[in-house]
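Dear colleague,

Please read them with the coordinates open beside you.

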Amino acid sequence: MEHMKQLVEALKNGNVFENSGEVKVYEKSVTHHDNVSLVMVKDQQQKWILASGEGALFEELNGTVITDNGKACPLTHENRLVLNRYFEYTVPRAFGTKVATMGLGDRLGLASPGHIETVRDHNVKPILAQQSIRELTLTNRTMNDVIDAASFAVFQEGYTGGFGADGDHLKEEEDIKMALSLGMSMLTLDCSDHIQNRVEGLTVEEISAEFDSLPEETKNHYNELYLNKEFDVKGLGIGFDENTLKKFVLLYGKALDYMVHVHDTYIEKADRDIDFEISIDETETVTSPAAHFFVANELQKRGVTVTSLAPRFCGEFQKGIDYIGDIEQFEKELSEHALIAEYFEYKLSIHSGSDKFTAFPIIAKYTNGVLHVKTAGTNWLEAVRVIAKVNPGLYRRMHAYALEHLNEALKYYHITPDMNTIVPLDTVSDENLPEYMNNDAARQVIHVTYGLLLTVKDENGNFIFKDEFFGTLNDNEDEYRQALVKHIGKHVELLNL
């Protein structure tokens with residue numbers, strides 16, 4: 001440890017890096033392997049892993065020598081892979097169906113330390129790396145960027161409890177292959193492109209005619225299994241009359257074929273455990289409990305094992321705000337969805353789960369501590385709340401830009417904010433700016449414009465907000481950590497985890 005102190009002093013004194021200045025040491029990160037010691041530190045410029053000693057681990061880490069047998073190693077993708085080879089806890093892993101998991105999408109690459117502190121002593125495992133292709137595109141990040149940030153956070157926090165990485169809402173086979181090749185431990189298959197929503201607008205006669213045009217083998221399969229049959233699902237009776245069955249076959253038949261194809265081609269042939277989630281929620285069609293059973297039963301019949309399944313619940317799970325809809329109807333249907341998931345022995349998955357505080361106690365009541373819930377944008381909103389508090393000038397500029405460019409973001413997200421509830425910016429004092437993150441409409445506007453705010457540049461090619469935004473958060477990382485512990489902690493507590 002004495003040599004490690006010398007390394008920190010060398011970094012602090014600027015012997016190698018100009019203007020290093022104060023150095024923060026993340027003491028939980030201190031670890032040893034054979035004759036090599038490592039610790040995470042941060043100077044005024046960036047974070048480093050300081051390595052001292054000798055041996056294979058020391059040689060494999062890329063870095064700059066700053067003392068005898070000591071070097072500063074940047075947090076690069078290559079160095080993350082080195083950590084993965086020597087420290088198993090820095091590698092994403094699958095968790096299966098028996099433990100609760102929470103997807104904690106970190107759009108900034110800064111939230112995972114707060115997430116780790118939040119879940120460390122709770123009955124839930126964190127899926128720290130979770131970004132959809134849409135989110136990656138809007139933030140100009142890659143899957144590797146997301147896994148790198150999560151792995152380094154795990155190392156920084158000395159967290160050995162295990163974490164996951166989710167190839168989130170993937171649709172295309174090329175993206176699925178890439179996610180698995182990069183080490184994603186979970187794959188969420190978004191089947192929305194294959195669900196035939198148009199069927200909802202067809203008449204009974206049109207549905208019947210279209211069903212009758214299917215191959216005889218297909219019609220016989222479904223009729224023999226379901227027509228006028230009733231299934232006992234842990235006391236819940238689910239039946240299929242002719243009209244209902246034909247409608248479900250047309251709605252979900254192509255999606256089911258795709259689920260089977262992806263499972264058999266990629267999940268089944270993977271050389272490691274993968275948490276396989278089916279998403280049928282990114283669609284206009286509400287998943288009735290009967291439809292849920294139909295999809296789940298077909299998957300089981302076709303030999304597809306899933307870790308979790310996400311229905312499209314009644315009401316609305318809009319981004320960043322509480323549940324919208326009839327809460328009594330939601331409780332009735334949620335209880336039935338939970339029974340179906342338990343019957344088929346997978347976890348019920350709740351998507352767009354951020355801030356659904358009214359629904360959380362109901363979800364907790366019926367899932368009995370075993371579920372998957374996805375959050376993402378709420379972590380970004382907590383970051384913006386910190387900005388509003390400590391850098392009000394930056395917040396004011398971001399707020400104004402978000403309002404001006406909202407229509408661009410609505411190409412990607414469905415929200416229904418009451419814009420009249422957003423207090424005019426010029427009437428709000430600096431000390432009250434964080435209150436915008438308590439207003440549903442303001443939350444949603446900021447929520448969906450993150451891609452614009454993080455990537456927009458001026459005429460000279462310089463980021464308008466991004467550099468100052470990240471600089472402010474890096475200077476106030478403890479405040480951001482505690483904001484996440486408080487906010488995500490509320491999710492964890494209400495879900496009874």
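A salt bridge here is a side-chain nitrogen of Lys or Arg within 4 Å of a carboxyl oxygen of Asp or Glu, and a residue is called buried when its relative accessible area is under 20%. Please bear in mind that this is a predicted model.

With those cut-offs in hand, Asp106, which lies in the loop between strand E6 (101-104) and helix H4 (112-119), is buried yet has no salt bridge, since the nearest side chain of opposite charge, that of Arg141, is 5.5 Å away. The side chain of Asp106 does reach the backbone nitrogen of Gly109, at 3.0 Å. Leaving aside residues up to four places away in sequence, Asp106 touches Ala111, Ser112, Leu128, Gln130, Gln131 and Arg141.

Asp458 is also a loop residue, placed between helix H18 (450-455) and helix H19 (466-475), but with a relative accessible area of 27% Asp458 is partly exposed. Its side chain reaches the backbone nitrogen of Asn460 at 2.9 Å.

Turning to helix H14 (residues 377-390), its 14 residues should span 20 Å at 1.5 Å a residue, and this agrees with the end C-alpha atoms, which are 20 Å apart. Because 11 of the 14 residues of H14 are buried, the helix is largely enclosed by the rest of the structure; among the buried ones are Trp380, Leu381, Glu382 and Ile387.

With best wishes

Terms used: Residues numbered from 1 in each chain as written. Predicted model: local features only at pLDDT ≥ 70, side-chain atom pairs only at ≥ 80, totals over all residues. Heavy atoms only, no water. Helix = DSSP H or I, 4+ residues; strand = E, 2+ residues; numbered from the N terminus. Buried < 20%, exposed > 50% of the residue type's maximum accessible area, 1.4 Å probe, protein only. Polar contact = N/O pair within 3.5 Å; in protein donor to acceptor, adjacent residues only side chain to side chain. Lys, Arg positive; Asp, Glu negative; His and termini not counted. Contact = heavy atoms within 4.5 Å. Expected span 1.5 Å × (residues − 1).
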